[in-house]
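I opened this notebook to record what I looked up, beginning with a contact between two chains and going on to the ligands and one chain's fold.

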Amino acid sequence: MTMAPSEKGTAPKPEDAVPEGYVRLTIDGEEVIAPKGELLIRTAERLGTVIPRFCDHPLLDPAGACRQCLVEVEMGGRPMPKPQASCTMTVADGMVVKTQVTSPVADKAQHGVMELLLINHPLDCPICDKGGECPLQNQAMTNGRAESRFYDTKRTFPKPLPISTQVLLDRERCVQCQRCTRFSAQIAGDPFIELLERGADQQIGTAETADVLDMASRTSSGQPFQSYFSGNTIQICPVGALTSALYRFRARPFDLVSSPSVCEHCSSGCAERTDFRRGQVMRKLAGNDPDVNEEWLCDKGRFAFRYAGAADRIRRPLVRDASGALRESSWTEAMRAAAAGLAKARDSRGVGVLAGGRLTLEDAYAYAKFARIALHTNDIDFRARAHSDEELSFLAARVVGAEGVTFASLEHAPTVLCVAFEPEDEAPIVFLRLRKAARKRGAKIVHLGQWTTPSVRKTFGELLACAPGGEPAALAGLASHAPDLDAALAQDGAVILVGERAAEVPGLFSAVHELAARTGARVAWIPRRAGERGALEAGAVPTLLPGGRPVTDAAARAEIESAWGASLPAEPGRDTSAIVEALAGGSLSGVVIGGVDPDDLPDPELARRALDQAEFVVSIEMRPSGVTERADVVLPIAPDVEKAGSYVNWEGRRRSFDTTIENTGALPDCRVLDTLAVEMEADLFTQTAAAAYGDFARLPAYGPRPAFEPVSANGAASGVRLATWRQLLDNGSMQDEEPHLAGTARRVVARVSEAAARELGETVTVFTDRGAITVPVEVADLPEGVVWLPANSGDSRVRAKLGAGHGTVVSIEAGGER
Amino acid sequence: MTDPLTPVLTKRWLSPNSWRLETYEALEGYTAIRKALAGTPEQLVQLVKDSGLRGRGGAGFPAGLKWSFMPPNEDKPHYLVVNADEGEPGTCKDIPLMMADPHSLIEGCIIASYAMRSHHCFIYVRGEALHCNRRLNAAVREAYRAGYLGKNILGSGFDLDITIHAGAGAYICGEETALLDSLEGRRGQPRLKPPFPAAAGLYAAPTTVNNVETIASVPFIVNAGSDWFRKMGREKSPGPKIFSISGHVELPGQYEAPLGTTLRELLDLCGGMKDGIPLKFWTPGGSSTPLFTAEHLDVPLDFEGAAEAGSMLGTTAIQVFNETVSVPWAVMKWTQFYKHESCGKCTPCREGTYWLDQILERMVDGRGTEEDIDTLLDLCDNIFGRAFCALADGAVSPVVSGIKYFRDEFLALCRSNKPELVGA
Amino acid sequence: MTQRTEPLFDADTVAKAQDLIGRYPQSRSALLPMLHLVQSVQGHVSQEGIDFCARQLDLSEAEVSAVVTFYTMYKRRPCGEHLVSVCTNTLCAALGGDAIYQQLSEYLGVGHEETAGEPGEPGSVMLEHAECLAACDLAPVLQVNYEYYDKQTPESALELVKALQSGEKPAPSRGAPLTDFKGVELQLAGFFPEDEQTLRSQVDGPSQAVETLQGAKMAADRGWTAPVMEDVPLPEVEAK
Ligand SMILES: Cc1cc2nc3c(=O)[nH]c(=O)nc-3n(C[C@H](O)[C@H](O)[C@H](O)COP(=O)(O)O)c2cc1C
Ligand code: SF4
Ligand code: FES
């Protein structure tokens, strides 16, 4: 269970005068000074007295439901007639509190409640997942009676009920603390789990488990209610009532080894705890990091980890032999082959590097350095997605090395404008903070997008609607058509968040830049993948060296040259698209690809052709992909749990982690590249993540930034425009092997306006000259002439099938005949 | 000295079609609002304070004081919510009042709303009280047509809407914060206090919740003043009160008498115990108030008198039981009621009533033991004052008072189950 | 597009639901009345009814289910043409309520919230225990479709139920002429006849039993009154 956070820094001492905003009270005879508004249960805890509790949770609104935390309270010299719940009562000046330590009344009250909680609780601790880490079990040991006075009939329920594909509910174990329901309603905004019935029959359930005729076999006309955050309910349940379908009965807490870790999925960089046994990850839990994820995780972060143990994982290097077949080889042989091939290609027309967005800072640094000193090129780009020069200029001018906008600043911002960014899908923990800001502080969250998405609704947000591609114009015209928002952005602390699909809208970064300059709002870029910000910092882009140093700036280059002891190319390199084109067109000979799926690239077809054309391809990856079959050498690398490193999250905060599962023999990218470089007679000094980081951190600080080079927006194109982004739970390869998780992905549909839906009927086919996607239609408040598709969910694989992205002109027609 | 019965609220009930507007108007109806709307909200709050009117819903909180908690500004809308969810076992006064004289409640609502700067009043009526719902709806319709409700009432510039809202079957919704949740379309579970309704009630806006009888008393106080009101009843518990007398008496019914009247006096009016069978136990104000016995016939039935004698005035719902009724059985039945009506939110009430019920059922079935009596009492001690709202306190009242006055009867049920002493 | 069959909740019901929403400052307040409305259509709250309310109010189905299962007046199994609620709280029970319930239960062959006969068909009856119906002075009481039948005995109650089964609608002691469960649910939802005469015929149904008027009558007979009311001005309050 979660303990209340203890106060940071030094608390005022009793003998001091009571400072502004504090009160003086007495707890168990001891005088304390506590901040106004603090709950008694927390003040007592800071004093070292843990008052037992079940419903209390520091991040949920107080409920006072379990009554386990009763204490005696005296106010103004008068004892209150009844014991008070210390989890709902705030400290007050002159209050005298007696906890179980000094009050027999409080002690008896607590014992009484514990006894009542246990009368209907099954004695199944030995087979309960929570056994060994169960607050109820622990408190029953310290606070319970040795023998029960209850010998009548216990309440029983048929067990267990699926609450979702991930979460199972054993109702008889539930103590009805309502943490789960409060979490869902308050934190996530997904009230899919609720209290049902009343009195002694009260129970937790969902619409499907409610005792309403035929409810269980319903063919719901409404939407099945799903949440991206349901896994948190398992973690905060203080008993074994909610368990993970994935983890259930698989391990006992005392058999597990725990290790702190960092989530590898999105750019939030959540603190996690990874529990493993005999080399296998059994589960992931949220770590408690008040600055980042508080105590929450999204379900992807919690449940998507078995990709690392996938059967198809590449464990040994592969080398293409004379017959053209890939076969396993020794590391030595593979390294030699790779080094020779790369050297040859380099010396012919050059080699490019596609690094991918999932690298740790250390690995990205190794790629950046490898490109420069082993391949003598700036042809490197981590952006395995749609991208633009405008984006790169924006990143160079405003993002790299920037700090300032943090989770906390989002929480305290009066206004947040989300531009081309879908928080719940792209950075779920950012979404939770935005929701908290709106719920707790009344922050105004505005979304520049196409329809009232769940993110808009659940952040109590406002939609600023425009057609895809129309975003720059919408921002440029803000002062005239949304003067209140314009004014709100000028308030102290206002923030503009911009997401990955901004790169698909020409002129959008320019409009954001301009708006920020005009209003003074701060800007943060929130990429979707965990490695992007780190790769930017590491210099895995064609125009910047590590630390944001422009390639073209001789002085900046010289700093790196002296640190690395090598001379560096002075011309900006090719970006991802240019590398692909150059390979396809024969002006580049080879490529090193780190974990990039061709289907993620702006033009998958061209990317495949480019790989086919390339003279030499080195693929550095964990599992086979569209690159593997085109690679000359495949070098396997370690998944996150088998290596150390750090991510730089969107805030610019470094999130480092150690190896969780040791000695698997799998190597991190930085080590593989280091060895490969040695074969090519270059020294990266990145044998380990620590070495790589050391090398990176030794680079002198660098200040100046290149100016942003604005780009003008495109004129409005005619035809139906596609709006699209990736949903949190989709076809992403790191979610492979997770059927429980996939069960809560959102239904794959196309969204169109009501008028369009009336014409289209139930199914729509969206097509381009490349291909077609046929999916069911759902109505949303989209502008006319816009269709929305999930970018990579089910059959809706927009890049791969349509070669299209956000803002592309597509065709639509009713039905699925095509 | 006043007369033994002082019909004020119940007086119009005798008139034919007493529920109609024309009857009400013919009997001084809607005169008080003219006077009230000509005054200021502060004057009305002062008047009600002066009158000493205490809430008739059970807790007896001074009505004027409660009204004065409402903020004097109108930064947020203010709401008056009338608690017409009458469900406390034994209580049967609000429903007849609303059926017989709905306009007195509506007039009271207008005055109270004006005094508290509310422009929307909700009357939360118990769902099972269907006829009451009908009468209230019809009366509200009449009042709108006559210009007593709506915009610019009687040219005063004051606007008020009244919405009649039917409940759906839950005793706990009589608890004022549960009522507010229910009125917001949620499960009727009590809310955390603070914030109190006057600060953040319905829709988190300033709200006052009052009982039907409380509000219906207001027009009379406006018309005749606080001194007149104080001529009835006692210093701290002034006014007339509807005593609902049920059970084993010759003439059960509604008797409006000054507060402080004793059961002996009331029994006299009721024609005494039915068929002359002696009184065994009674509730002074519904099943949530600890039982009284024949010892308590002379306890003055006002808030202080009932409390001093170890019970509570509650809703003056006097349920009279004669010697034919088994106390453990009655206690078991009441416990079943509380178990059924516990909202489930907090542990002591939810689990406690579940356990009490099992023990009592077992005892009444002849399978109890003497230890069970101790367990019952200790359990009540662990429930009383430990729960989230007062429902649980009410739930232990019959048990504790039943055992207090009739322990022998519980013992008798258990005696046969005493373990035989070895060798005895 | 595929042809949809006639919806369970027709345009009129949707209009009524919207009307309800309009009566409150916040839409969710319309949920309790709306569930009564659902019962007036279906005779119980079904999963479709839950979906209906969820969609009208933009709530999750779980939120609506949470409310439905909290309140006893929402029936989750199809109700009979009539609902017979017998008060079995302590006082009524002591005066014969338990015996009445038992008699009816045996006769109908059903228990709590079970229906004798085909639910919804003429003559079908759902039986239930009720908690104190706030008519203790008229104990033992029962309600049919929430209309009061006062001072019952097992015999009178049995006769009443038999009459209901044979299609008769015996007049309640207090309340409007008996209709059926669905009909009264519409009124509980807050919809009453617009036509004045129909409304009156229901509203004016009896309400005052002898017991209700007992005290007032006695006082009138004996000349007892409250102190004389004289018009006095409102108290002066110092302006703040
Ligand atoms: C379990 C419970 C049930 C209650 N039921 C009612 C009720 O049916 N009617 C009522 O007016 N007050 C009831 N009350 C009291 C209310 O909470 C509240 O005190 C009252 O409505 C305030 O009005 P008053 O000040 O005018 O009495 C109940 C309280 C509790 C704890
Ligand atoms: S399931 Fe767990 S978290 Fe939810 S109410 Fe029960 S005990 Fe609390
Ligand atoms: S922890 Fe305080 S009431 Fe539950």
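**Entry 1, a salt bridge.** I began with Glu142(B), which forms a salt bridge with Arg200(C), the closest N and O atoms being 2.8 Å apart. I used the term for a side-chain nitrogen of Lys or Arg within 4 Å of a carboxyl oxygen of Asp or Glu. Between chain B and chain C the count is 6 salt bridges.

I note that this is a predicted model, in which local features need pLDDT of at least 70 and side-chain atom pairs count only at pLDDT 80 or more, while totals for chains, interfaces and linings use all residues. Residues are numbered from 1 along each chain as its sequence is written, chains are lettered from A and ligands numbered from 1 in the order in which they are written, and side-chain values use heavy atoms, with hydrogens and water left out.

On the side of chain B that touches chain C, helix α7 (residues 130-145) gives the most, with 10 residues; helices are DSSP runs of H or I, at least four residues, numbered from the N terminus. The residues of that side of chain B divide into 47 nonpolar, 32 polar and 20 charged.

I then looked up the extent of the contact (heavy atoms within 4.5 Å). Chain B brings 99 residues to it and chain C 83 residues. The buried area is about 7200 Å², of which carbon and sulfur atoms give 63%; this is the accessible area (1.4 Å probe) lost on putting the two parts together, summed over both.

A polar side-chain atom of Lys66(B) lies 3.0 Å from an oxygen atom of ligand 1.

I counted 9 helices and 5 strands in chain C, strands being DSSP runs of E, at least two residues.

Technical notes:
Nonpolar A, V, L, I, M, F, W, Y, C, P; charged D, E, K, R; others polar. Polar contact = N/O pair within 3.5 Å; in protein donor to acceptor, adjacent residues only side chain to side chain.
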